[in-house]
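Here is a short report for a reader meeting this structure for the first time. Look at the model first, then read on.

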Protein chains: 2
Amino acid sequence: MTYQKVTVVGGGTLGSQIAFMAAFSGKDTTIWGRSEGSLERAKARVDRWENEVKAYYDAADADIESARDHLNYTTSLEDALAGADLVIEALPENVETKTDFYEKFDKLADPETVVVTNSSTMMPSQFAETTGRPEKFLGYHFANEIWKNNTAEIMSGPETDATLPETLEEFSREIKMVPIMVKKEQPGYVLNSLLVPFLDAGTDLWVRDVADPETVDKTWMIGTGAPVGPFGIMDLVGLNTVYEINKGRPDEKSQHAAEKIKERMDQGLIGQETGQGFYTYPNPAYLEDDFLS
Amino acid sequence: MTYQKVTVVGGGTLGSQIAFMAAFSGKDTTIWGRSEGSLERAKARVDRWENEVKAYYDAADADIESARDHLNYTTSLEDALAGADLVIEALPENVETKTDFYEKFDKLADPETVVVTNSSTMMPSQFAETTGRPEKFLGYHFANEIWKNNTAEIMSGPETDATLPETLEEFSREIKMVPIMVKKEQPGYVLNSLLVPFLDAGTDLWVRDVADPETVDKTWMIGTGAPVGPFGIMDLVGLNTVYEINKGRPDEKSQHAAEKIKERMDQGLIGQETGQGFYTYPNPAYLEDDFLS
């Protein structure tokens, strides 16, 4: 057993999922939220994850109740950090928000407490000094719907203690994740380092009108045996995220792609979340029997 | 029914597969080879495809015999082209070889004969004028093991008659392919336009020692539900092909990748073909039950 007392800072989509899986795995887990309102929203999310996890693991009611018993909520950062073995920061992707937290953490947390960031778009090392313990800090990245997409990417920074990744590797297995060892700092870790160029390639074929989204997906699915193509994945990720990625890049091609994506967003075609993206949900064409024929 | 008399020019891996599927589908098919030796090699390939197709379609012996009856071989280009409805050029990826063929084709073929190129790396339009009938010419691209990976990418050039893609679409279905309509000329058509950046992204993570090949594949397979990751695909494609792609690009990153790939090739680690690539065959680790845990 590695860490027992786990605090998740931020109860958004990922934070609440991580916290629930930790609690479901018997860890004494605390979610910190900045206000009672944000904690209420976190609790509502956890209610959904309870159902998802129960179905996914075919878990007994008692297991879910036990998870609930292992999960605490607080708006007091002091309480949240007191005695924590591991703190998982899952705050919004905003440098100031995170820096502000790490400054407080440095003052409030025990010297022994390990702290990791779930940031997917920022380089963890930029926060290392602020934590006051760069050797006890690294990047720890989860994917959405973590019970199913159960990768936990573990990425050291230049100052991370060499033994820490191993401990996180063990902890990851304890909370039912598959640890993914990233050997050096890499924007996007492993998954997004593959996914982003792949989605870019699909987007480019569509933006330049080389082929229809369904044609592109069909080609990939037949050619590689994958269950979904780039446009199906974009619908899962949400077109708003794809838009942000393109919008944030300086080159003309990405800006043009962002414009084309924006046109669809303005029509509400965001993806699975809105029921309509490149496909119509809950029964997208790419799941139909005759899609590949 | 579209074309009945089909000639495949070149009996290499793809040429022999295309010809066999056409014959298996009842087309009167001819393979042209430059010498008796190349025809012998083509026949040996067809013997292998017979077994593969028989197993894949669970076909009766009579179906395979009928396919054999529909398949002719000749070294006479004049005979091969006489009366052909459709000529599929599947010669090696060499501009001079192809140009030489199209010059002869222009002189020998009926004015009505449609001609298409299976080239995967060249832009079809560069041969359009040489055919003497640019309106009856387009790119028609198949994937290896076409009975299983049964995409047929149909890509018009600037001068292709607007009705030709539709006819090829129908012909594709007649020979059990899924037609993929590529709306304008695109290097790599659809499949390679997705595959190459995807494999590049995987290669980069490995070359820069960010993550091990198995870790990268595992991440992709868990994250997207795919049955194989970039390194498994590279083993299928063959590392020599991945090497050529990198070697052929001017940038330093690709040249560095080519060097690293060359080191493995020199050790015989080509992929599935040599029994050893990033994985060991016939039972690569990524197919094992515990690979994703």
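## A buried asparagine

B:Asn149 is buried, with a relative accessible area of 17%. Buried means under 20% relative accessible area, exposed means over 50%, and partly exposed lies in between (1.4 Å probe, protein chains only). B:Asn149 sits in the loop between strand 6 (137-142) and strand 7 of chain B. Helices (H or I, at least four residues) and strands (E, at least two) are DSSP runs, numbered from the N terminus.

Which residues does B:Asn149 touch, leaving aside its neighbours within four places in sequence? They are A:Ile222, A:Gly223, B:Ala143 and B:Asn144. Contact means heavy atoms within 4.5 Å. B:Arg34 is 115 residues from B:Asn149 in sequence, and their C-alpha atoms are 28 Å apart in space.

## How to read the model

This is a predicted model, in which local features need pLDDT of at least 70, side-chain atom pairs count only at pLDDT 80 or more, and totals for chains, interfaces and linings use all residues. Residues are numbered from 1 along each chain as its sequence is written, chains are lettered from A and ligands numbered from 1 in the order in which they are written, and side-chain values use heavy atoms, with hydrogens and water left out.

## A threonine in strand 7

B:Thr151 belongs to strand 7 (residues 151-156) of chain B. Its relative accessible area is 1%, so B:Thr151 is buried. Setting aside neighbours within four places in sequence, B:Thr151 contacts A:Thr219 and A:Ile222 in chain A. In chain B it contacts B:His141, B:Phe142, B:Ala143, B:Val178 and B:Ile180.

## Two copies

Chain B is superposed on chain A by a rotation of 180°, with 0.0 Å of shift along the axis and an RMSD of 0.1 Å. The two copies are thus related as by a two-fold rotation axis. In chain B, the C-alpha nearest the axis belongs to B:Ala226, 2.3 Å from it. Both copies use the same surface: 100% of the contact residues of chain B recur in chain A. The superposition is by least squares on the C-alpha atoms of residues with pLDDT of at least 70 in both copies.

## The core

How many residues are in the largest nonpolar core? There are 78, and A:Phe198 and B:Phe198 have the most contacts inside it. A nonpolar core is a set of buried Ala, Val, Leu, Ile, Met, Phe, Trp, Tyr and Cys residues joined through side-chain atoms within 4.5 Å.

## Helix 2 of chain A

Helix 2 (residues 36-57) of chain A has 22 residues, which at 1.5 Å a residue should span 32 Å. Its end C-alpha atoms are 31 Å apart, which agrees. The expected span is 1.5 Å times one less than the number of residues. Just after this helix, A:Asp58 takes a positive phi of about 50°.

The buried residues of helix 2 of chain A are A:Ser38, A:Leu39, A:Ala42, A:Val46, A:Trp49, A:Glu50 and A:Val53. Seen down the helix axis, they fall within an arc of 135°, so they line one face. The arc is that of the directions from the helix axis to the C-beta atoms. They pack against helix 1 (13-24), strand 2 (28-32), helix 3 (61-69) and strand 3 (71-74) of chain A. On the other side, A:Arg48, A:Asn51 and A:Ala55 are exposed.

## A buried loop leucine

A:Leu91 lies in the loop between strand 4 (86-89) and helix 5 (95-108) of chain A. Its relative accessibility is 9%, so A:Leu91 counts as buried. A:Gly12 is 79 residues away along the chain, yet the two C-alpha atoms are separated by 7.6 Å. Not counting residues up to four places away in sequence, A:Leu91 touches A:Val9, A:Gly10, A:Trp32, A:Thr97, A:Lys98 and A:Phe101.

## Backbone details

The peptide bond from A:Tyr281 to A:Pro282 is cis, with omega near 15°. A:Pro282 lies in the segment after helix 11 (252-266) of chain A. In chain B, a cis peptide bond joins B:Tyr281 and B:Pro282, with omega about 15°.

A:Asp209 is not a glycine, but has a positive phi of about 60°. A:Asp209 is in the loop between helix 7 (191-207) and helix 8 (213-224) of chain A. At 38% relative accessibility, A:Asp209 counts as partly exposed.
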